[in-house]
Amino acid sequence: MGGASRAEKRRKQEEADRRLAAAGIRVPQKRNRTPMIVVAVVIVVAVVVGGALLLARSLTATVEPTYTATSDGAIITAGTGPVVIDVYEDYICPACERFETRYGNEVTTALNEGKISVRFHTIAILDEQSNPAGYSTRAGNAALCSVPAGIFPRYHKKLFDEQPAEGGAGLSNEELIALGTELGAQGDFAACVQGNTHQDAVAKETETARKDTALQNEKGQFGTPTVAIGGKKVDLNNTSWLQNALG
Amino acid sequence: MNRARSLDVVGALARLGLAAVWLVSGLLKVVDPDQTYIAVRAYDVLPDAGVEVVAALLPWVELALGVLLLAGVGTRLVAALSAVLLLAFVAGVGQAWARGLSIDCGCFGGGGAVEPGETTYLQELLRDAGFLLMAGWLVVRPRTVLALDDRLGTRRMG
């Protein structure tokens, strides 16, 4: 049908509609609603798909950690399993928060079952991302303080659950202490946090990691989170990196 | 080719262009949900739960708008929805700029904090303004060539 004849047909139809309307007869306009219904259906389907994926992700219960941890310098060794995994994290780094949210349960399970041990390297490369600067170091220090306080596994998770936004002040020392007290921190946890006791160890570990070419990306940069097994950087885009490591 | 027909072709270009924008931006976000979460969070507007919801739904809504524009179904309605979403993006980028945050908009994947000197707010807003023009054209004049709206028997409000 050509454009002209189509226009002609529509004109006739509209004229007929007008005559019917004048005579008090309502013409059902059913067909005109089709596009709106299609639009509604497609958008609802999209929202349902996105919502279902979100629900599937958020319904998994948190695995409670039962492993123990020790620290040396700014490195915290968790668990005693044979496969040793090096994890480099900065506590204000949003991608680290995502890493913990995505893989936290899997890592905790493997640690609980004694399959792996994880060496958490406390890194502060994003000190400038808080205002005032220095949250990365303060939070990293608090994490190191939580080891002798006997609460490391849960405190580590807590720091990411409560991660402050970049650009803000971050959690104050008082807030960092309160989070630990909530979890039953023992000993002089508060003094350790206030005194920024492990500040130098964190700075030293950060420098060491920065200089380690094995941890750098293609651009020669070191970032967090970085995971290495046997001194080799792991590709975190491969979501089964941990299963692969377990063999 | 008469004038109305030419305008239909211009409309089709706007429709397909906007469809491409949504499909590409939606796809880049869908394949990397963690990055999308980081991008949404960086605007520092919503609480964490809100960030989760927006990051989960936004990519799929963008894809839906893209598919609908590509097919040309309910063009005026979809263009209006596109304009609303684009205005929300403009507001998001605008508030980030005004507050002095240094983030990447994450419009087409990526996103999150960047170095203070590396923000491109002006370019991002100008790009959105261009997309808004395309949406605006289709709201005012939704008739385009090669649209499914023709077959569904309406060129009126879709």
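## Close-up views of a predicted two-chain model

**View 1. The strand pairings around A:Ile76.** In S4(A), the residue that stands opposite A:Ile76 is A:Phe120. The model shown in this and the following views is a predicted one. Strand S4 of chain A covers residues 116-122, and four bridges join this strand to S2(A), the two running antiparallel. A:Ile76 also has A:Ser71 as a bridge partner, and the strand S1 (residues 69-72) of chain A pairs with S2(A) in the antiparallel sense, again over four bridges. Strand S2 of chain A, residues 75-78, has two faces: A:Ile76 and A:Ala78 belong to the covered face, whereas A:Ile75 and A:Thr77 belong to the uncovered one.

**View 2. The hairpin of S1(A) and S2(A).** The two strands form a hairpin in which two residues lie between them. The turn contains A:Gly73, whose phi is positive, at about 65 degrees.

**View 3. Two cis peptide bonds in chain A.** The peptide bond that joins A:Asn131 and A:Pro132 is cis, with an omega of about 5 degrees, and A:Pro132 is placed in the loop that runs between S4 and helix H4 (135-145) of chain A. A cis peptide bond is likewise found from A:Thr224 to A:Pro225, where omega is near -5 degrees; A:Pro225 lies in the loop between helix H8 (199-211) and strand S5 (226-229) of chain A.

**View 4. The surroundings of A:Trp241.** A:Trp241 is part of helix H9 of chain A, which comprises residues 241-246. Is this residue, A:Trp241, buried or partly exposed? A:Trp241 counts as partly exposed because 17 C-beta neighbours lie inside 10 Å, whereas a buried residue would need 20 or more. When its neighbours within four places in sequence are left aside, A:Trp241 is in contact with A:Val234, A:Asp235 and A:Leu236. A:Ile85 is 156 residues away from A:Trp241 in sequence, yet the two C-alpha atoms are 11 Å apart in space.

View 5. B:Asp44, which is not a glycine, has a positive phi near 55 degrees and is placed in the loop between H2 and H3 of chain B. B:Asp44 is partly exposed, because 18 other C-beta atoms lie within 10 Å. B:Leu146, also a residue other than glycine, has a positive phi near 60 degrees, and its place is in the loop between helix H5 (121-140) and helix H6 (148-151) of chain B. With 13 other C-beta atoms within 10 Å, B:Leu146 is partly exposed, since the exposed class would require 12 or fewer.

**View 6. The side of chain B that touches chain A.** Here 29 residues of chain B are in contact with 24 residues of chain A. Among the elements of chain B, helix H2 (33-42), helix H3 (48-71), helix H4 (75-98) and strand S2 (112-113) each supply at least two residues of this side. Which of these elements gives the most to the side of chain B that touches chain A? H3(B) does, with 11 residues. Sorted by class, the side of chain B that touches chain A holds 18 nonpolar residues, five polar residues and six charged residues.

**View 7. The two domains of chain A.** Chain A is divided into domain 1, residues 3-58, and domain 2, residues 69-246. The C-alpha centres of these two domains of chain A lie 55 Å apart.

Definitions and conventions
Residues numbered from 1 in each chain as written. Chains lettered and ligands numbered in written order. Predicted model: local features only at pLDDT ≥ 70, side-chain atom pairs only at ≥ 80, totals over all residues. Domains from an automatic or database assignment. Contact = placed C-beta atoms within 7 Å. Nonpolar A, V, L, I, M, F, W, Y, C, P; charged D, E, K, R; others polar. Pairing = 2+ DSSP bridges.
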